[in-house]
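Here are my notes on the model, point by point. Have it open while you read.

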Amino acid sequence: KIYSEVGHGTTVKIYLPRGKDKSSPRAAPEPASGPTGNRELLLVVEDDPALRALVVQLLHRLGYRTVAAGDAASALRLLAAESDVALLLADMVLPGGKNGAELSREAKALRPGLPVLFMSGYTENAVIHNGRLDPGVRLLEKPFTTRKLAQAVRQALLER
């Protein structure tokens, strides 16, 4: 799948891995409906600026407020400054020396009980087998639909 965004005279293309469902080469678009937010504040951590902007836009449409960061250090500063962050939504692969799992551990040290939802282009089994995540963590596999994002966020917020 390709996501394109044009701004300030530049086109940015993001190539996302193909979905697993090969049953239909042109599946009908999934309705964007799904669970919606109650203006909870979510911290989105994604190093790709265009993908971060897209996730933030989708979350706003779903009824959430957001703050966003491109790396773990910035995310931890935002978490310290924003007392009402209800969920950390973080990519597994981040620049700057800390991955999503390390960010999660430090975030939970600052905010015990903070729910974390990871995003990754890797399958859950591959991520766990590589030792990047502990079993039982919440993982939203990329690419995802708006509906899957809505469901994963709502479930993570309900399980806190």
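1. Which strands does α1 lie across, and at about what angle does α1 run to β4? Helix α1 lies across β3, β4, β5 and β6, and runs at about 170 degrees to β4. Angles go from 0 to 180 degrees between N-to-C directions, with axes as lines fitted to C-alpha atoms, for helices over the stretch in contact. Helices (H or I, at least four residues) and strands (E, at least two) are DSSP runs, numbered from the N terminus.

2. Before going further: this is a predicted model, where local features need pLDDT of at least 70 and side-chain atom pairs count only at pLDDT 80 or more, while totals for chains, interfaces and linings use all residues. Residues are numbered from 1 along each chain as its sequence is written, and side-chain values use heavy atoms, with hydrogens and water left out.

3. On confidence, the chain has a mean pLDDT of 81, with 69% of its residues at 70 or more; pLDDT is the predictor's confidence in each residue, from 0 to 100. Residues 1-9 fall below 50, although this stretch has 19 contacts in the model beyond near neighbours in sequence. Residues 22-31 are also below 50, with three such contacts. Contact here means heavy atoms within 4.5 Å. Where pLDDT is low, the predicted coordinates should not be read in detail.

4. Now the sheet. Five strands form an open sheet in the order β4-β3-β5-β6-β7, with parallel pairing. The edges are β4 (65-69) and β7, each of which pairs on one side only. Neighbouring strands are turned by 25 degrees against each other on average, direction ignored. Two strands pair if DSSP finds at least two bridges between them; β3 and β4 run parallel and are joined by five. In that pair, L43 stands opposite V67 in β4.

5. Back to α1. Its 13 residues reach 18 Å from first C-alpha to last, close to the 18 Å expected at 1.5 Å a residue (the expected span is 1.5 Å times one less than the number of residues). The buried residues of α1 include L51, V55 and L58, buried being under 20% relative accessible area, with a 1.4 Å probe and protein chains only. D48 caps the N-terminal end, with a side-chain oxygen 3.0 Å from the backbone nitrogen of A50. Just after the helix, G63 takes a positive phi of about 100 degrees.

6. Helix α5 (residues 146-158) lies across β3, β5, β6 and β7, at about 130 degrees to β5. Its buried residues are L149, A150, A152, V153, R154, A156 and L157. They pack against β3 (41-45), α1 (49-61), β5, β6 (116-120) and β7 (138-141).

7. A86 is worth a click. It lies in strand β5 (residues 85-91) and counts as buried because its relative accessibility is 7%. Not counting residues up to four places away in sequence, A86 touches E40, L41, L114, P115, L157 and R160. A86 and L157 are 71 residues apart in sequence, with their C-alpha atoms 7.3 Å apart in space.

8. Finally, E40. Is this residue buried or exposed? E40 sits in the loop between β2 (10-15) and β3, and at 13% relative accessibility it is buried. A polar atom of the E40 side chain lies 2.6 Å from the backbone nitrogen of N38. Beyond its neighbours within four places in sequence, E40 is in contact with G63, Y64, R65, A86, R154 and L157.

Terms used. Buried means under 20% relative accessible area, exposed over 50%, partly exposed in between (1.4 Å probe, protein chains only). A polar contact is a pair of N or O atoms within 3.5 Å; within protein, one must be able to donate a hydrogen and the other to accept it, and residues adjacent in sequence count only if both atoms are side-chain atoms.
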